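Hi everyone, thanks for making time. I'd like to walk you through some helix packing today, so let me put the sequence and model up.

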Amino acid sequence: MVAGARALGGDEERRRPVTGWRSWDEGDAAAWIAVPQESSDKYSRGVLGVVTGSDRYPGAAVLGVEGASRTGVGMIRYLGADRPSDLVMRRRPEIVTAPGRVQGWLIGSGMDASSRPDDDAQRLRAALRDGTPLVIDAGALDLVGRASAPVIVTPHFRELATVLASGADDDSDAVTADDIAADPGDWAMRAADSLGVTVLLKGHTTYVAAPGGPRYTVTAGPAWLATAGSGDVLGGVLGALVATHAREIDEDGHAALAALGATAAWVHGRAGERAADGGPIVALDIVGALPGVVRDLVRARR
Ligand SMILES: NC(=O)C1=CN([C@@H]2O[C@H](COP(=O)(O)OP(=O)(O)OC[C@H]3O[C@@H](n4cnc5c(N)ncnc54)[C@H](OP(=O)(O)O)[C@@H]3O)[C@@H](O)[C@H]2O)[C@@H](O)CC1
Ligand SMILES: Nc1ncnc2c1ncn2[C@@H]1O[C@H](COP(=O)(O)OP(=O)(O)O)[C@@H](O)[C@H]1O
């Protein structure tokens, strides 16, 4: 058996090596921060559309919007249910709740695919049909095949297992979260190839795989990042990066999405490290450290 390989499920077992992973570093991340120019306005910088949160998990909407705001984006259109919408507006009056043109979407954080209100289903459908790149998280991962534009998904192990199980022929083929934990890189790669989307698989090491490559690992953050809402912040960071790189995604598709995914994980990890400084943090502490991390990346480019 090839070192680092694991078996595919089903009758036709075959093995393939885990190759071609590259560790994403500060210099890589610095190249993927869009800096406003004298000629920029809020639209040309990039507008992010956000459909997240629910009555059950309204906080996820606030955390994603906060993560995007503090990473840097021209404008955010938040289009969610009333309760999360109220909380988002209380925290961030800068957010626009009117629909309109966007350069990227963040959907699904704080939603529950098994109890989706009609209004949310309609909003999610509209985002999926919009033709602009999407970050799909948590409670919208079941819709991954419905997008009309390039997609990057941001599952943790359990969520990836659920997505892959929905495509298995029967239960004996279904991959479990434990299978994924045993070899996350290989499962991220397989999921990218089989779903045709870029996969950002979260964990202590984050694996980012585009269909057919490239593939990046990111180990930037402390284990203090394992705290509720941390992944919702990451969704916002990535949403902002996607919305501010529409041209690059248009030109390079999944190669650009993989670079943006790895940059988001790096920025999130470094913000977690700064916020924690060896001690405990909550998700909003990560948000507070984001502008300084982005500023240092911009300075590192000069
Ligand atoms: N502030 C907000 O609004 C936040 C909102 N959030 C949003 O919540 C949504 C759900 O996402 P999630 O990742 O939390 O859960 P999910 O993938 O459904 O897996 C549930 C699994 O966990 C397990 N489990 C539960 N309790 C456990 C325990 N004590 N000890 C051990 N295991 C335990 C449970 O196992 P079981 O109890 O069934 O055995 C089940 O397998 C999502 O939309 C996300 O964005 C979050 O980001 C948080 C902040
Ligand atoms: N042990 C760990 N070390 C470093 N980072 C971690 C660790 N566990 C989780 N993380 C990071 O924390 C975030 C957790 O995301 P997620 O599981 O979606 O949480 P939530 O749903 O509560 O927002 C991810 O960015 C992940 O990479």
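Let's begin with a question: in which crossing, right-handed or left-handed, does H9 pass H11? H9 passes H11 in a right-handed crossing, where right-handed means that the near helix is turned clockwise from the far one by less than a right angle, and left-handed means anticlockwise.

Before going on, a word on the source: this is a predicted model, where local features need pLDDT of at least 70, side-chain atom pairs count only at pLDDT 80 or more, and totals for chains, interfaces and linings use all residues. Residues are numbered from 1 along each chain as its sequence is written, with chains lettered from A and ligands numbered from 1 in the order written.

Back to H9, residues 230-243: its axis lies 8 Å from that of H11, at an angle of about 30 degrees. (Axes are lines fitted to C-alpha atoms, for helices over the stretch in contact, with angles from 0 to 180 degrees between N-to-C directions; helices are DSSP runs of H or I, at least four residues, numbered from the N terminus.) That angle makes the pair roughly parallel, a label for angles under 35 degrees.

H9 brings Ser230, Asp232, Val233 and Val237 to the contact, and H11 brings Ala283, Ile286, Val287 and Leu290; contact means C-beta atoms, placed from the backbone, within 7 Å.

Now H3, residues 58-71: its axis comes within 8 Å of that of H11, residues 283-301, crossing at roughly 15 degrees. So H3 is also roughly parallel to H11. Among the contact residues are Leu63 and Arg70 of H3 and Val287 and Val294 of H11.

Definitions and conventions
Helix = DSSP H or I, 4+ residues; strand = E, 2+ residues; numbered from the N terminus. Parallel < 35°, antiparallel > 145°, perpendicular 65-115°, else oblique. Contact = placed C-beta atoms within 7 Å.
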